[in-house]
Amino acid sequence: MCKILLSINPRHVEHILEGSKKYEFRKVRCRKDVNKILIYATAPQKKVVAEADIEDIIIDVPNAVWEKTKDFAGITYSFFESYYKGKSIAIAYKLRNVITFDKPLSLNDLGITNAPQSFIYLNTKD
């Protein structure tokens, strides 16, 4: 299994941590079998603040993904529609067991020098 580090806007991270956002949406699916996500809150925080297990990965046309995720999307339909404009496929990672770190990590703590544009794979022994 594999871990990825995802860059996520702090307002979306807040919704993940409070439980109102249980899905993280992406335009590109990871190429590897991923079972955990490290959550990197982008500027102004610039810290790895939490970890989550991936319960499921939903891949379908955007409207079908929205119907399956809307109750815990943590975003508006307008935002979702804008994000996937012109795309024929949407990806949603269903998060569970979200653990907030008592002490957020820096990228340097993980041996990473630059924040990923979207995500990067992490070497793990899990």
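Strands 3 and 4 run antiparallel and are joined by 6 bridges; strands here are DSSP E runs of at least two residues, helices are H or I runs of at least four, and both are numbered from the N terminus. The model is predicted, so that local features need pLDDT of at least 70 and side-chain atom pairs pLDDT 80 or more, while totals for chains, interfaces and linings use all residues. Residues are numbered from 1 along each chain as its sequence is written, and side-chain values use heavy atoms, without hydrogens and water.

Lysine 36 has aspartate 53 in strand 4 as its bridge partner. The two strands belong to an open sheet of 6 strands with mixed pairing, in the order 2-5-4-3-1-6; pairing requires at least two DSSP bridges between two strands. Strand 2 (23-26) and strand 6 (119-122) are the edge strands, each pairing on one side only.

Glutamate 51 is located in strand 4 (residues 47-60). This residue is buried, at a relative accessible area of 14% (buried, under 20%; exposed, over 50%; partly exposed in between; 1.4 Å probe, protein chains only). Its contacts beyond four places in sequence include Lys36, Ile37, Asn97 and Phe101, contact meaning heavy atoms within 4.5 Å.
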